[in-house]
Each structure stands twice: as C-alpha cells, then as structure tokens.
Amino acid sequence: MRFARRLLAALTPLAAGAFIPATPAAAQDYPSRPVTLIVPFSAGGGVDAIARLLAEKLRDTLKQNIVVENKPGASGMLGAQYVAKAAPDGYTLLLGSAGETAINPYVYKGRMLYSPEKDLAPVTLVTRVPNVLVAGPSLQASSVAELVERARAKPGALTYATSGVGNPQHLNGELLQSLAGITMVHVPYKGASGQLADVASGNVDMTFVSYAGAAPFIQGGRVKALAVTSATRASFARDIPAIAETPGLSAYALENWFGLYAPARTPPAVVQRVYEAVRDALADPALAQRLREQGGEPAPLPPAEFAAFIASESKQYAAIVERADITADK
C-alpha cells in the first residue's frame, strides 16, 4: 500500500503535466511537428489562396510542414470556433478575416459560439485587402462624385451588390451612404462571380468586391473601376483612385484584412515565434508581389500592435453596424 501511494504521488505530476500548455523550454523547440493552418472558407477562394502562399513560405522559415485545412461555414465562424477550442500549443492556427474576428460579434450577437477577444490570441496581421467599387457600363457615372450626384438626385434608385449581409463589402456600402448622405439598395449575393456578372449585365448598378475577383472584368471592359476603399490608392492599382479622394469623403476608409490567430493561452514565446516567421516570410519580395496580385498589401504587425489594430477596426465596424441596424439574427 505504501509503495502504491509513492507510485501514485510520482505519477500525478506527470499526468497533470499532460494538460499544461507548452513550457518555455518547449516553446524554444517550436515547431517540432507539422502545423495546421485553418482557413475558415472554401478552397479556391481569396483567403485560401493567401493561406497557401503564406504556408509555402512558412515551411522554409519554420522548417516544418504547414498543412492548410479548409473548414468553411457560418460566415467563417465554424473554422474560427475550431481554432478557439484547439489546444493552445501553436500547432493549430487560424488565418482569419475581419468578418469572423471583428465584425460578426456585432452582426451575429445571438449566434456566436466563441468570443474572438477571449478565445483567440492575435499573432500578426498578414495583409490588408481593400475592396474596389466597380460599376456596370450602363451606369452613367465614371467617378464616385458622379455616382453620389446621381444617388442624391434619385434616392433609393441605385443598387449595390455584395457577397452577403454584414461582411466588409456590405459595410463599404453603408459607410459610403452615411458619409455621402445618400440612399442605395443593398443586394446580397452568395459569391463574387454572381455579383460581378450581374453588374456587368446591368442587373445591378455596382458592387464592392476584391480587386483579384474584379480584375478580369475590369481588364475585359465589362465593368468600370470607380475607386478602392482604402484611405489611399493601392500599390497594385495606382490608376484607380481612393474613395477618400472624392470631395466630402476624405474620412472614407474601410478594408478587409487577414491575420493569424492562435488559441487563447498559447505561450507568448510561441506566438512571438510565429509572428517573426511571418514577418520574415513577408519580407520576401516574391511573396509580397504574389500577395499584391491577390489584391492585398502585406502588413505584418507584432502581436500587441495587431491586437490594438483589431480593437480600432472593431470600433469602426460596430459603429457602422449599429447605425445601419445590420443583423443576421432576425
């Protein structure tokens, strides 16, 4: 009996240790096995393309295989929830967008099964992705100023398409209406190809969409690019003005963005290691150029600065959602 008690006492700390997050020593050895990068959207989309470009480079910087796994559903929330509940050891990461990490808490108040603020640890911003406002050839407006003039003349007559309720594209339209004092009709779609095709054919007047998705339509003359939604012109499309260049709209700036997250309580040393690997990967001119071809601006930030960035962006999103009474709970 005495021997059994001694054996139990010796084994108890070992058993308990199995549930303790990685120690500093373990963090120094990170990663010692493959890392899974969760993409909360379907394969073949813009987020997936960015994830695979980044994973390819991280294999070199981290000296480990990076496995990209798609877990789409619920506007990105299924994949984000999966990472939020994963072991906090740095071996399961999320490439999250503004939607499921900074907008959805305000749009899906009654349906969120995780808290981005409490359950996810910001690692680094990866890329900022401005949308581009494009109009069909039949719309008699060649600039945002002309568009605003037409909208003011006929409130509610113009329509704009987006890929869904409460996403950055939708917020782009609501912000434009608010700052310009105009009223347009929102037409939500389930994908960029459908909304672009309907704009090109004249079924919808305009749409906010990623530059990567719109580029073939722009270059083919099927739609006309009016402006980008970033505060200044994008490096990959210098000939397209920013909405903020329009008189009276200098405050306009709203982008989508993608960043890396780990489960909350992941050791800070592991978070820092991942950030440094991403920072070094994005310093590669070839990778930076390929991200720009996807319509993104490489923009790595240290964990604390990324957390502050998310808080600032969330404040803007929350104000737009509240002002426009956007909800997916009805």
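**Entry 1**

I began with S75, which sits in the loop between β2 and α4 (77-84). For element names I rely on DSSP runs, numbered from the N terminus: helices are H or I with at least four residues, strands are E with at least two. I noted that the phi of S75 is positive, about 55 degrees, although S75 is not a glycine. Its relative accessibility is 38%, so I logged S75 as partly exposed (buried means under 20% relative accessible area, exposed over 50%, partly exposed in between, with a 1.4 Å probe and protein chains only).

A reminder on the model: it is predicted, so local features need pLDDT of at least 70 and side-chain atom pairs count only at pLDDT 80 or more, while totals for chains, interfaces and linings use all residues. Residues are numbered from 1 along each chain as its sequence is written, and side-chain values use heavy atoms, with hydrogens and water left out.

Next I looked up K63, in the loop between α3 (46-62) and β2 (66-70). K63 has a positive phi too, near 60 degrees, and is not a glycine. With 66% relative accessibility, K63 counts as exposed. I then checked the peptide bond from Y30 to P31 and found it cis, with omega near -10 degrees. P31 belongs to the loop between α2 (24-28) and β1 (35-39). I kept these entries because most residues other than glycine have a negative phi, and most peptide bonds are trans.

**Entry 1: salt bridges**

How many salt bridges does a search of the whole structure find? I got 9, counting a side-chain nitrogen of Lys or Arg within 4 Å of a carboxyl oxygen of Asp or Glu. I followed up a few of them.

R33 pairs with D89, with 3.2 Å between the closest N and O atoms. R33 lies in the loop between α2 and β1, and D89 in the loop between α4 and β3 (92-97), so this pair ties together parts 56 residues apart in sequence. I have R33 as partly exposed at 39% relative accessibility, whereas D89 is buried at 19%.

R52 forms a salt bridge with D48, the closest N and O atoms being 3.0 Å apart. Both are in helix α3, and they are about one helical turn apart because 4 residues separate them. Here R52 is partly exposed, at 37%, and D48 is buried, at 5%.

R279 and D280 form another salt bridge, at 3.2 Å between the closest N and O atoms. R279 is partly exposed at 34%, and D280 is partly exposed at 41%.

**Entry 2: a mixed sheet and its helices**

Last, I traced an open sheet of 5 strands, ordered β7-β6-β8-β5-β9, with mixed pairing; two strands pair if DSSP finds at least two bridges between them. The twist averages 30 degrees from one strand to the next.

I zoomed in on β6 (residues 159-162), which runs parallel to β7 and is joined to it by 4 bridges. Y160 stands opposite H186 in β7.

Helix α9 (residues 192-201) packs on the sheet, touching β5 (131-135), β6 and β8 (206-210), and makes about 145 degrees with the direction of β8. I took contact as heavy atoms within 4.5 Å. Axes are lines fitted to C-alpha atoms, for helices over the stretch in contact, and angles run from 0 to 180 degrees between N-to-C directions. Helix α10 (residues 211-219) lies across β5, β8 and β9, at about 125 degrees to β8.
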